[in-house]
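Please walk through this structure from its overall division down to single residues.

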Amino acid sequence: MTAWTGTWRLARLALRRDRIMLPVWIVGITLLTWAGVQGVASAYASEAERAAGASFAAANSATRIFDGPASGTDIGSMAMVETMGKLAIYVALMSGQAIIRHTRREEETGRAELVGASVVGRYARLTAALAVAVGASLVLGACVAAVVAANDLPWAGSLLAGATITGVGICFAGIAAVAAQIATTQRGSNAIVGAALGLAFVLRATGDALGTIADGGVRVVSAWPSWLSPIGWAQQVRAFDQDNWGVVALFGALAVVLVAVAYALTSRRDLGAGMVRERSGPASAPAALLSPFGLAWRLQRMQLLAWGCAAACWSAPLGALGDSANDMADASAQLKQLLEAIAPGASMVDLYFAYVMGLLGIVAAAYTVQALLRMRTEEATGRLEPLLSSAVGRRRWLASHAVIAAAGSVVVLLVSGVSGAIGYWAVTGDLGGAVGVIGAATVYVPAVLVVGAFVITAFALAPRWAPAIAWFALAAVLTVSQFGDTFDLPQWALNVSPFTHIPLVPARALTLGPLFWLVGAAAALVALSFAAFRRRDLAIAA
Amino acid sequence: MDAAIVTTDLKKRYGKTTALDGVNLTVETGEIHGFLGPNGAGKSTTIRILLGLIRADAGAVTILGGDPWRDAVALHRRLAYVPGDVNLWPNLTGGEAIDLLASLRGGFDKVRRDEMVERFQLDPTRRCSAYSKGNRQKVAIVAAFASDVELYLLDEPTSGLDPLMESVFQDVVREGASDGRTVLLSSHILSEAESLCDRVSIIREGRIVETGTLDEMRHLTRTSVHVVTARLPVDLAELPGVHDLEMHVDGAAFEVDAEHFDTVLGYLTGCSVLALTSTPPTLEDLFLRHYGDELAKLNGNGNGAGGAR
């Protein structure tokens, strides 16, 4: 028996367990690539539009931070600038999570012990996980190359784009392999990978923001921090522009080093142990924890913090971009058409904010859904049972989670509005306009509350189905607001989404009627849910 | 005194499965009542109905004089519950979880809580995610017994405890049950029930098949006897109530029904008894009387009553 005995069997087991998860990731990222390339190709029909778009992207610091360094006026390279940064994040998540799922999670749940007691070598589990993640990255790279080439782009650049995606996937497989040796829990390992991904993004964004404009204003030469980040490398490859195949070697080199470190760590530690010692906590509870509300807040607060930060990080640059809405609309006839369809005659900046805050409203609703589904998790795992066996009434428990989710949703919307306003104000100094941005975000509070009330209703009436129903509802709301016009959906279908009824301030005047109706609908659903939850059995085992 | 728990003809179905098929359970105030049955017999379902977490399809429940579905919160202040499978919040420490569970019940004795943590050798500063099953169980037990309540509902509370902690648990239950407090202890560890319980009820396929004190129940079954006599008791086989007789060179081994014990003893005295050991039926014997057929089925032989396949 060698240290690798059993690798092949474990890899097959991992593939079997991921038979839904990995194909969904691969197909999803491939479709996003296709949509991204399509979008760029149709947005910039003429050479003149491409030149305008590229100089805008090179000159604007917000697009440099969000998308990356402008790389000329070729359709392919412009598509890569707009999509590669996001695709790199998705592939990093796919491959990093796969590694942790098959290594640290197995140890945490004790399954690794069961398997490790059979004929399985010391390195088999890590090797099997790496094989699965690297294999998935290779398949995804091939799919990406194929869909890029399918948009009438040259094969050389398409293959390079695919190789870049694979390279990012392999790098983050390496990072996750090391993270899985360090932390003792799946959550902890995922947090390390998330932090590495965040650092990679920030380094790249800093390097690109500090870069210099070259070649007649359509190219950005990034500063050195971009070269410290795998996501930065993905863009320095500059497929279809410079085709820097040499950069791909960096992915390989980093991955080899990380994997070697992971193997060295795995042979130096016990099964189940990590590199950081478990911290001990307080021996007794603070008074603030000792109520249903206190517990719910403890369970929910990190999640709210994460969503709040994400909303701020997303909204502030979008706000800073607001001033250039006119330039953007001039650069892209498609964007102009999209915005003018919202409210004909309004100013481009107002339309832009109405559109952007509509999106951020749905982001807030996603927080609401996730926060409320925590109730179902508590019930399904059996943690609700001892609570409701104490002197805590069902209504009180439900109310504590509902209040936190509702208040949290308002906070996420306010953070979106305020940080967008600060971004806009920092660029323009226009205080009145900035206040309008806050209004554009907060007007979505009633719509988000209706989504939340719907989730609570699903939880009260059909607990086992609540997660599926809730996420489906959110997807439906997103589809209606983003593609309602594209798909030519009938009006009744549009009306089902609460977001359809929100007045699009600042592009249109604020009308209070629909807001009151929405709040009333939310209140009615919540009242129904409280009555229903009081009457149903706990659904404990999933 | 009124009974602490009375259920009458309790029924509960989950889809096509019948979980409870008419449970009649009475637990007197001040007793430790064992609730025995294998997994899936309906113990946890019954206890969840007693807690008002689920509602019975038919039948009546009274617990501490109230209706657990309607008066859940008021009743829960007067009782404590230890679930069979304790799940805790991974990011809370064990100490925080104890304080939370105990104080949500409405106040607890801090000194008693610390003493219990000490006795169960629990490290309250560790995160619940790092606890083994046994340690999670201890958290729930400590939280329950730190509160001063009238009724303890314990659903297989010791399934993850080691023998040392099991004995600490038994002491804690005995102390808890003094001063007229009531305990309903669901278990499939028969030795535990035998040493703790005043009365037991045996549940099988959603019905109570036997209930009473151990002594009462022993009367319903056989005692095993091993006897050494000067003269061989050759007529034993003729006597009523004697079963499984084995003749030895110096005596005999057999089982005898409780109501014929006296007659048999009288006959043995006539044979000049040199030594006699009589073993009363253990709870396991009582239990297997109700589950013998199932056991036979599981073991693949058809000897048990109704166990033939």
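This is a predicted model: local features need pLDDT of at least 70, side-chain atom pairs count only at pLDDT 80 or more; totals for chains, interfaces and linings use all residues.

Residues are numbered from 1 along each chain as its sequence is written, and chains are lettered from A and ligands numbered from 1 in the order in which they are written.

Chain A is divided into domain 1, covering 7–268, and domain 2, covering 290–535, where the bounds come from an automatic or database domain assignment. Taken over C-alpha atoms, the centres of domain 1 and domain 2 of chain A are separated by 30 Å. The contact between them takes 11 residues from domain 1 of chain A and 11 residues from domain 2 of chain A, two residues being in contact if their C-beta atoms, placed from the backbone, lie within 7 Å. On the side of domain 1 of chain A that touches domain 2 of chain A, the elements that give two or more residues are helix H2 (21–43), helix H3 (47–59) and helix H4 (61–66) of chain A; helices (H or I, at least four residues) and strands (E, at least two) are DSSP runs, numbered from the N terminus. H3(A) gives the largest share of that side, four residues. The residues of the side of domain 1 of chain A that touches domain 2 of chain A divide into seven nonpolar, three polar and one charged, where Ala, Val, Leu, Ile, Met, Phe, Trp, Tyr, Cys and Pro count as nonpolar, Asp, Glu, Lys and Arg as charged, and the others, Gly among them, as polar.

Between the chains, 26 residues of chain A are in contact with 31 residues of chain B. Helix H13 (292–321) and helix H17 (384–388) of chain A each supply at least two residues of the side of chain A that touches chain B, and the largest share of that side, four residues, comes from H17(A). By class, the side of chain A that touches chain B has 13 nonpolar, nine polar and four charged residues.

For chain B, the domain assignment gives domain 1 (3–217) and domain 2 (222–279), and 43 Å separate the centres of these two domains of chain B, taken over C-alpha atoms.

One sheet of chain B is an open sheet of four strands in the order S11-S12-S10-S13, with antiparallel pairing; two strands pair if DSSP finds at least two bridges between them. Its edge strands, each of which pairs on one side only, are strand S11 (242–247) and strand S13 (273–279) of chain B. From one strand to the next, the twist averages 15°. Helix H9 (residues 261–269) of chain B packs on the sheet, touching strand S10 (222–229), S11, S12 and S13 of chain B, and the direction of H9 makes about 5° with that of S10(B); axes are lines fitted to C-alpha atoms, for helices over the stretch in contact, and angles run from 0 to 180 degrees between N-to-C directions. S11(B) and strand S12 (residues 251–257) of chain B run antiparallel and are joined by four bridges, with Glu246(B) standing opposite Ala253(B) in S12(B). These two strands, S11(B) and S12(B), form a hairpin with three residues between them.

Strand S7 (residues 182–187) of chain B is largely enclosed by the rest of the structure, because six of its six residues are buried, a residue being buried if 20 or more other C-beta atoms lie within 10 Å of its own, exposed if 12 or fewer, and partly exposed in between, with C-beta atoms placed from the backbone. Thr182(B), Leu184(B) and Ser186(B) point one way from S7(B), whereas Val183(B), Leu185(B) and Ser187(B) point the other way. S7(B) pairs in the parallel sense over five bridges with strand S3 (residues 32–36) of chain B, and likewise in the parallel sense over five bridges with strand S6 (residues 151–155) of chain B. Ser186(B) in S7(B) stands opposite Phe35(B) and is also the bridge partner of Asp155(B).

Finally, Val144(A) is found in helix H8 (residues 124–149) of chain A, and Val144(A) counts as buried because it has 29 C-beta neighbours inside 10 Å. Not counting residues up to four places away in sequence, Val144(A) touches Thr30(A), Thr33(A), Ala161(A), Gly162(A) and Ile165(A).
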